[in-house]
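The following exercises concern a predicted model.

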Amino acid sequence: MRISARRLVLFAVVLAGTLALSGCWDIKDINHRSLPVVMGVKQIDDTYKVLLLIPDATPSRTDVKIISQSGSTIDEILDKIDRNMENKVDLLHLKVIIFERSVAEKGLSQSVESFMRARDISNKTLTAISVGALEPLFDKLTSSSTSDGTEMYDFFEKNAGWSPEVVQTRIWEVFRSMDSFTRDVVIPTIQPGLSTTIESNGAAVIKNGRMVGVIDSDESLLYNLFKGTGTQGKIEVMNHATVKIVADRLTRSSELKEGQATMKGRLHLKVTVLETVGAPTEAEIKQEIDEQLSARFQSMLRAAQAKEADILGIGQYFRDKLSRENLRQWRTKYYPFMKIEFKVHVIIQDEGLLKMKR
Amino acid sequence: MDKSRQVIVMFWITHIGLIFFLYPTEIIGSLTAGHWCAVLLGFLIHISMLAVYTKGLSQCAPLNVIDLFQGVGRVFAFAMLLPLAIYFIMIMIITIRAYAEIVTVIFLGNTPLWTIMLLFLAVSTFICLLGIESIFRTGMLVALLFFPFLILVVVLSFQNTDWHYMLPLMDRDAATFAYTLRRPFLKSLFAFVGGFLFLGFIPPHIPFQGRKIVLASLGLIPFFLVSVYVPLLTFGENTASKFPFPFIMAVDTVDVSWLMFDRVTMFFMISMLCFVILFLSLGMWVTLLMIKRGIPVLKDPTACLLLAAVVYSVCLLVPNWSAVERLMWWNTLPRYYAAFIIPLAVFALGARRRRMEAVRP
Amino acid sequence: MKLPAFLESRQAKDSDLFLHSLFLAGESVYLAGYTSLIDLPQSIVMLRQLALNAAGAGKALFDRDSGVGTPMREPSEQEVLDALAAGDALICSQSGDRCLRLIPVGRTLSRALESPTTENVLRGAISAFNEDLDTNVGLIKKHLPSDTLRIRSYSLGQSQRRKTVLLYAEGKIREQLLQSIVQKLETLPDVDIPDLQALSDFFGFPKWALITRYNTSELPQEAAFALEHGKAVLLLDRFPFALVLPSLLSDMFVSQNDRNFPAIIMFSFRLLRVLGVLVNVLLPGLYVALVSVNPEVLRIEIALSIAGSREGVPYPALVETLLLLLILELTLESAIRLPTTIGPTITMVGGIILGQAVVQAKLVSNVLIIILAASTIANFTVIGFQNATALRLGKYLLLVLSAMFGVLGLFVGIVVICAYIGHVNTFGVPYLSRWKAGRRYG
């Protein structure tokens, strides 16, 4: 009996200890945290301004609110916001970070690095660059918000509203490009849309964390094709026909002769015909696709080469052909003079429900 | 009644628990290209020592390491086992401290360190008190529950890899084995050593076959390679070398839209931590075996609690991450002792015993 | 001792005792026994027939081989009382110097064979054990018509004699297991065994164990299956369950009855039960962990909807969950006590009124109600009520650990539970062993 009494006391002590302990560090329930979904970063001279889009959940409906604050570093601003909010601001669920164009032009390195360092920001967070000022964009986001402020996220989300002309770039990819010898990224540019909430009209070319140029939507599509991001369902409009890409595959080969890098790329597309203008033959359509895409690709690459920004990561294919020292100079010594042969091979899988002229 | 299967599962668990957090950091830190070469070299050392050790053990079959050394002489046993005990205690301290730190850095930012260390230690003490057979059985059950997770995450982690980062396969630095003397590489060997010493302490009523263990350890190669190569292939060498826990970062980039949960990594990491807890309890059990033989006054629950208290108080004294790294570096010497001297000594004693037995009849 | 005098004095204290005088084979004798246990008129008819037979064969009534009953020589008081308590009748001569003990026609004090009340059978034998020991042994024999079946009976206890029968299949049971059980039983304890707790004390199982060391079943086919697979079965008188030793983890998931279904269906049933256990144990802890410590694991949509549903709930997730769990446990417990006619009413009150109102009053979030309902349903997918209750306790450990350490606590809790399960063993047979007739795997 004494044993059981001792056990009882022990049990009571453990129980009390646990209960007391669990109060020791502050655990905040989910409804006492504000979970921003979108963060906007702008820079005025030396001070940063941060805007947060926070869904405000109630049992029946969800509202969105915008909190903004400025300060000298992003961390300081978040601290300030935290102090002034009734809830704890938790960036755990941050989905999209939008930089204002001017910030991107000055250089993203520092902010991206601090985002990567912060443990609460997921490194899967998407990035975007706002063409205009941030405030109108955020206003548009709040005013047209119907559900819970996740439109911005849905816009980029593959199983929601994403379309193949929009580039998806996550923060770790930006971070990776900052140190990489052979790889740069593009970040999609967005602006408030006229009828829709947001629209994307291309992407910004980022070299070593700094914005150096832009590409348009069509080029973004090519970028996605080259990256291998599934572009199925894409509708390609040409002079004589509209086709839908059903499957795509890219084969690449690279060679380096006497300091001259050459790249051969061959894009295999399977398309189905949606609409024809006039009566083009299959061969015509094939040729037209080839010409159009090749030309577009060449022009995008020329522009990127001029900026010495290897957005397609072509340097990757020369990793085994160059020594580490030479790889370091890839962007300046080899890339701008690289030749690329790009061919598009089209297979028309079917012609829709109407026969086409042979 | 061959229980090799339990022993193999435990062997895997202890190694996998050690591989994924610190090991890739050290390997990526030790050379810039041709990492596979460092991984395989480490593994070669591991498997040869393992083979020597199990061979020696099987030659003196019913005896464990302590009995074997005591057969030579009390002083000899004491001198041989003292550094080993110190090694085990140190590895427990380092593991608990390091993993508690990892937990706070990665997902429990608000929770004080000492409670996490207390949790680890309390659970492993509890498991250790239940005895070695329970440890093995727990290992089986935990492996059954967590391995599917693990495999899923390992497969998913290849989502963002770019195989071109594998190139160049070799450079001069890797080919000359210059890295073998560098600090990170020397430290990286901890993942190869910590796990197999327990084999020598298993009591005779859990019989196992050394050959099977050696074969089973080949199954670890993919895990070693994956832990190093997934971050390399995802980020490239330049970026991967900037992260303290590259594999975790690489898994964090995985985006699975069909899963109910957002951060798959967390489940992965936590299964790893559970493996580490089992590793700790195993280490504790081995240490206790030595302590109880050395100081026969100490009986089971007291000795265990005492050991836990000592480990815990030392853990509390470690102020920061760099101190942990320093401790790890200090532990290199006992580690080499444990990795090389003990297996070789066991092998030598086993051979001697066999010779004597051959003479006697 | 004068037997008639003793019986008469006893009758004064115990009105149930009858002392009936009658003539048998020309002798005037007393017939004694308990009215409540013996059907008197029928017994007298039977006695007369027996006495006639004896007389016809030329045997005296009190002879050893008269065929009427077993003679008792100089019985002690205790012996007489034991015989009466066992439901036997005594015949003694007027002078009281000779006495016979015989088995009379008893009253039926047991249920007829019925279908099981705690275990449902969909496909398979539906008869269940009842309180009568002999019926139970017979049922098992019917289900296991084999010459390997061995039966040993013991009577345990000092003031209450409890008949206990040990059954096993010769050659199938592991010798070591049998020896340890028999050894324990043959010590014949001097404490009474009124319930299973006392039995478990007697076997020396730890008192604070969460997992019962014997699996109970109401179904003769399960017991026969266990016997055939080398386990031992213990039957207690007046206890309508068979105790199967040792108990294993697989008892939670595997029932003999599954084998009456096609193999694929059998495996999916078992998988379902495993999932049920996981869901039951993990879900409440997971909710607390995700809501209060690690919300980053949830997808944003779920996170927002949970945050919305918890808006206005005044206390932390742990307290919220504990409160609702308490109510659920109360419902479960009261449902056992309730007469079946009132049961549905309580279900309605508990389920609809409380559930709806508690959300509207913002006392708990409605996501939690869904989670706890799922968890409670999942609880009863396991086989055997005793297993289900053990699980119910396990979930609280996980709950507290999750509240403190989030998902980490949850998983560490699983490890602790695994370790505990790994530690439990019955007579040296680990709870986690995979059982095959005659041998075992770790």
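**Exercise 1. Determine what percentage of chain C is buried, and whether the chain is spread out or compact.**

Solution. Step 1: of the 442 residues in chain C, 39% are buried. Step 2: the secondary structure of chain C consists of 13 helices and 14 strands. Step 3: the globule rule gives 22 Å for 442 residues, whereas the radius of gyration of chain C is 29 Å, well over that value, so chain C is more spread out than a compact globule. Step 4: the C-alpha trace of chain C spans about 95 × 50 × 40 Å along its principal axes. Step 5: taking the contacts in chain C between residues at least 6 apart in sequence, 63% join residues at least 24 apart.

**Exercise 2. Describe the domains of chain C and the contact between domain 2 and domain 3.**

Solution. Step 1: the domain assignment divides chain C into domain 1 (3-102), domain 2 (133-247) and domain 3 (261-437). Step 2: a distance of 33 Å separates the C-alpha centres of domain 2 and domain 3 of chain C. Step 3: their contact takes 17 residues from domain 2 and twelve residues from domain 3. Step 4: on the domain 2 side, the elements that give two or more residues are α5 (175-186) and β8 (215-217) of chain C. Of the elements on that side, α5(C) gives the most, with four residues. Step 5: by class, this side of domain 2 has seven nonpolar, eight polar and two charged residues.

**Exercise 3. Characterise the sides of chain A and chain B that touch chain C.**

Solution. Step 1: the contact between chain A and chain C takes 21 residues from chain A and 20 residues from chain C. α1 (2-22) and β3 (47-57) of chain A are the elements giving two or more residues to the chain A side. By class, that side has ten nonpolar, seven polar and four charged residues. Step 2: in the contact between chain B and chain C, 28 residues of chain B meet 22 residues of chain C. The largest share of the chain B side, seven residues, comes from α6(B). By class, the chain B side has 18 nonpolar, five polar and five charged residues.

**Exercise 4. Locate the largest nonpolar core and the neighbours of C:Val412.**

Solution. Step 1: the largest nonpolar core has 278 residues, and those with the most contacts inside it are A:Val186, B:Ile96, B:Phe120, B:Cys274, C:Val412 and C:Val415. Step 2: α14(B) gives the most to this core, with 22 residues. Step 3: not counting residues up to four places away in sequence, C:Val412 touches B:Leu119, B:Val123, B:Cys274, B:Ile277, C:Leu401 and C:Phe405. Step 4: another core, of 33 residues, lies apart from the largest one, and among its residues are C:Phe225, C:Leu235, C:Leu236 and C:Phe427.

Notes
Residues numbered from 1 in each chain as written. Chains lettered and ligands numbered in written order. Predicted model: local features only at pLDDT ≥ 70, side-chain atom pairs only at ≥ 80, totals over all residues. Domains from an automatic or database assignment. Contact = placed C-beta atoms within 7 Å. Nonpolar A, V, L, I, M, F, W, Y, C, P; charged D, E, K, R; others polar. Rg over C-alpha atoms; globule rule 2.2 N^0.38 Å. Buried ≥ 20, exposed ≤ 12 C-beta atoms within 10 Å, placed from the backbone. Core = buried A, V, L, I, M, F, W, Y, C linked by C-beta atoms within 7 Å.
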